[in-house]
Amino acid sequence: DVTETVESKNLLAESESYFRQMADLMPDKVSSTDPKGKPDYFNRNWLDYTGLDSDTLKDLCWSEFVHPEEKVKFDELWQQSLRTGNNFEMELRYLSKEGTYKWHLSRFEAVRDEAGKIKMWIGTNTEIQKIKEEEKRKEEFLKMVSHELKTPITSIKGYVQLLLNQLKKEEERTTLGLPLKPSLERIDHQVRKLTRLISEMLDLSRLEERKLRLQKERFSINDLVRETVQDIKYTSTQHRVNIHDNYRCSVLADRDRIGQVLINFIINAIKYSPENPVIDIFIEEAGKDMVDIRVKDNGIGIEKKDQKNIFRRFYRIDGKNRETYSGFGIGLFLAKEIIERHNGEICVKSLKGEGSDFSFKLNVVP
Ligand code: ADP
């Protein structure tokens, strides 16, 4: 009996030593804790990163190295994992022995015995500093490009509008026969398209940084729909947009952002129905204290399998459509984010070849 115990102890020690060797070879920072989360092991990478020995690290625990900005969330999530037994995952910064913080992806998972009782926790921390820096650069680049493009475009837009208005006033007397007006209208149309794209790119980076703020005010949804349609009619003359709004109401929301969702729906309805130039907008009561705003076209429609995906970032339906219609696949993603931030619902109903019906619901206010 004694021999058996000694043998199994030896086996255990051997497998533990293998585990440690393996952990030391890993490029990650690996550690383990007892079931309550008290650390009992740090691999070589942890010691190298912090410049401390194993005993000091065990006393301090890795949470001491977490950046103050992530500390509260870290403590909260870690305690939650210890309470529930669920995996822990978080991106955070750890202090290095050089005194600088580096981004890591931190993961912990519980190891359980056959009865499902937690025996220990094993954690890995993968350095993602380079990826984070890359992401930041990409965001800064996008922001810079958007800002740089916006200024000249705003100025061009202003002049085009001025000239268009003057032309109207002059009743095209002197310029009759010159392609000035249609050219200016084309320019105006293109500039509007560019402006929208730039704003979408900016919103995208704002969303990623969680800086997309809503400025809520009370306004009439009927007025907003009318104004938006008027604005679009000015540049797109081939399509007829009808408004059906027997139901009148106001909402408490970010007027510009809701306008942006509407513009996106209407522009898409126009873009994706080149053969059928009639678009209908319905403003209807939807259950208790809700309004449903629907934009219905008779265009190319969307297959069932694509209907969920079109709200994803950068998603554009594959195939012929992609080459035929220009776009970046950002509009609907932003629309969904905006509506969800208003606690509303966004929805699409469509049949391939028969048209689409995009809608969103918002709470109404008295
Ligand atoms: P974009 O139009 O710039 O590609 P969106 O995010 O606005 O991006 O739309 C995503 C995709 O959904 C489009 O590429 C298109 O395939 C599809 N889509 C959107 N609106 C319609 C519509 N009214 N009819 C048909 N397809 C549509």
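**Note on the predicted model: ligand shell, helices and selected residues**

1. Gln-129 is found in helix α5, residues 129–169; helices are DSSP runs of H or I with at least four residues, strands are runs of E with at least two, and both are numbered from the N terminus. At 15% relative accessibility, Gln-129 counts as buried (buried is under 20% relative accessible area, exposed over 50%, partly exposed in between, with a 1.4 Å probe and protein chains only). The side chain of Gln-129 reaches the backbone nitrogen of Trp-103 at 2.7 Å. Leaving aside neighbours within four places in sequence, Gln-129 is in contact with Tyr-101, Lys-102 and Trp-103, where contact means heavy atoms within 4.5 Å.

2. On conventions: this is a predicted model, in which local features need pLDDT of at least 70 and side-chain atom pairs count only at pLDDT 80 or more, while totals for chains, interfaces and linings use all residues. Residues are numbered from 1 along each chain as its sequence is written, and side-chain values use heavy atoms, with hydrogens and water left out.

3. The ligand has 21 residues around it, and Asn-268, Tyr-272, Asp-297, Arg-316 and Leu-332 come nearest; a residue is near a molecule or strand if one of its heavy atoms lies within 4 Å of it. By class, the shell around the ligand holds eleven nonpolar, seven polar and three charged residues. Here Ala, Val, Leu, Ile, Met, Phe, Trp, Tyr, Cys and Pro count as nonpolar, Asp, Glu, Lys and Arg as charged, and the others, Gly among them, as polar.

4. Which atoms of the protein lie 2.9 Å, 2.8 Å and 3.3 Å from an oxygen atom of the ligand? At 2.9 Å there is an N or O atom in the side chain of Asn-268. A polar backbone atom of Leu-332 is at 2.8 Å, and a polar backbone atom of Gly-331 is at 3.3 Å. The protein buries 96% of the 530 Å² that the ligand exposes when taken alone; accessible areas come from the Shrake-Rupley method with a 1.4 Å probe, and for residues only the protein chains shown count as cover.

5. Among the elements that each supply at least two residues of the shell around the ligand are α8 (255–271), α11 (331–341) and β12. The most comes from α8, with four residues.

6. Helix α8 is mostly covered, with twelve of its 17 residues buried. Asn-268 is one of these buried residues, and others include Arg-255, Arg-257, Ile-258 and Phe-265. From first C-alpha to last, α8 reaches 24 Å, close to the 24 Å expected at 1.5 Å a residue; the expected span is 1.5 Å times one less than the number of residues. At the start of α8, a side-chain oxygen of Asp-254 reaches to within 3.3 Å of the backbone nitrogen of Asp-256.

7. In α11, Gly-331, Leu-332, Phe-333, Leu-334, Ala-335, Ile-338 and Ile-339 are buried. These buried residues pack against α6, α8, β11 and β12. Asn-343 follows α11 and has a positive phi near 55°. Asn-343 lies in the loop between α11 and β11 (345–351), and with a relative accessible area of 65% Asn-343 is exposed.

8. Another positive phi, about 55°, belongs to Asp-289, which is not a glycine. Asp-289 is found in the loop between β9 (278–285) and β10 (290–296). Its relative accessibility of 42% makes Asp-289 partly exposed.

9. Helix α6 (residues 180–208) has 29 residues, which should span 42 Å at 1.5 Å a residue; its end C-alpha atoms are 42 Å apart, which agrees. Arg-210 follows α6, and its phi is positive, near 55°.

10. Asp-357 lies in strand β12 (residues 355–365). Is Asp-357 buried or exposed? At 14% relative accessibility, Asp-357 counts as buried. Its side chain makes a polar contact with the side chain of Arg-294 at 2.7 Å. A polar contact is a pair of N or O atoms within 3.5 Å; within protein, one must be able to donate a hydrogen and the other to accept it, and residues adjacent in sequence count only if both atoms are side-chain atoms. Not counting residues up to four places away in sequence, Asp-357 touches Arg-294, Val-295, Lys-296, Cys-347, Val-348 and Lys-349.

11. Thr-237 is found in the loop between α7 (221–235) and β7 (240–244). At 64% relative accessibility, Thr-237 counts as exposed. The C-alpha atoms of Thr-237 and Asp-203 are separated by 28 Å, with the two residues 34 apart along the chain.
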